[in-house]
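We will walk from one stop to the next, picking a few residues each time.

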Amino acid sequence: MYYVPDGTEQCGYYECSDCGNRFLDLRIGPAIVCPYCGEAPDMEIGPDEEMPTVVESAKLIDMIRGSEEVEKMDTLLSLAVTGGEAAAGKGI
C-alpha cells in the first residue's frame, strides 16, 4: 500500500491545516506533525539556541478500522497523489 503497510488493521486519517494534504498514518492521536510540510525538531541544541517547537498541524479527521477499509482508503488517497501510477502495478 502507499501510506501504511499491507495488512494494517487501523490507522488515522489526517488533514494538514498548513499545506492541505490528506494522508493515513499508523499513529493515532488528535494531531501529529505533517510528514509533508512539518519537521520533527532536532532536540540536540547548543547553549545559545532556543528550544525548537513542535507544530502538530495535521489534525485527525477519522480513524479507519478493518483491513479492507484501510486498504480501500489507502488506494483512494494514493490515486489522488499518484494519478493512478500506484494502482497500475496492483492491477486495479
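Start by selecting strand 1 and strand 2, which pair in the antiparallel sense over four bridges. Strands here are DSSP runs of E with at least two residues, helices are runs of H or I with at least four, and both are numbered from the N terminus. Two strands count as paired if DSSP finds at least two bridges between them. You are looking at a predicted model, where local features need pLDDT of at least 70 and side-chain atom pairs count only at pLDDT 80 or more, while totals for chains, interfaces and linings use all residues. Residues are numbered from 1 along each chain as its sequence is written, and side-chain values use heavy atoms, leaving out hydrogens and water.

Next, follow the chain between these two strands: they form a hairpin with five residues between them. Click on Gly20 in the turn, which has a positive phi of about 85°. Then pick Tyr13 and look across to Leu24, its bridge partner in strand 2.

Strand 1 (residues 10-16) runs antiparallel to it, and seven bridges join the two. Along this pairing, Gly12 stands opposite Met63 and Tyr14 stands opposite Leu60. Strand 1 is mostly covered, with five of its seven residues buried; buried means under 20% relative accessible area, exposed over 50% and partly exposed in between, using a 1.4 Å probe and protein chains only.

You now have the whole open sheet of four strands, in the order 2-1-4-3 with antiparallel pairing. Strand 2 and strand 3 are at the edges with a single partner strand each, so one side of each has no neighbour in the sheet.

What lies across strand 1, strand 2 and strand 4? Select residues 67-82: this is helix 1, running at about 145° to strand 2. That angle is taken from 0 to 180 degrees between N-to-C directions, with axes as lines fitted to C-alpha atoms, for helices over the stretch in contact. Colour Val70, Met73, Asp74, Thr75, Leu77 and Ser78, which are buried in helix 1. Just after the helix, Gly83 takes a positive phi of about 70°.

For the next stop, show the side chains of Phe23, Leu24 and Ile64. They have the most contacts inside the largest nonpolar core, which has 15 residues. Such a core is a set of buried Ala, Val, Leu, Ile, Met, Phe, Trp, Tyr and Cys residues joined through side-chain atoms within 4.5 Å. Strand 1, strand 2, strand 4 and helix 1 each give two or more residues to this core, and strand 1 gives the largest share, four residues.

Finish at Asp25, in strand 2 (residues 22-25). Is Asp25 buried or exposed? Its relative accessible area is 13%, so Asp25 is buried. Its side chain reaches the backbone nitrogen of Arg27 at 2.8 Å. Beyond its neighbours within four places in sequence, Asp25 is in contact (heavy atoms within 4.5 Å) with Val4, Cys11, Gly12, Tyr14 and Ile32.

Terms used:
A polar contact is a pair of N or O atoms within 3.5 Å; within protein, one must be able to donate a hydrogen and the other to accept it, and residues adjacent in sequence count only if both atoms are side-chain atoms.
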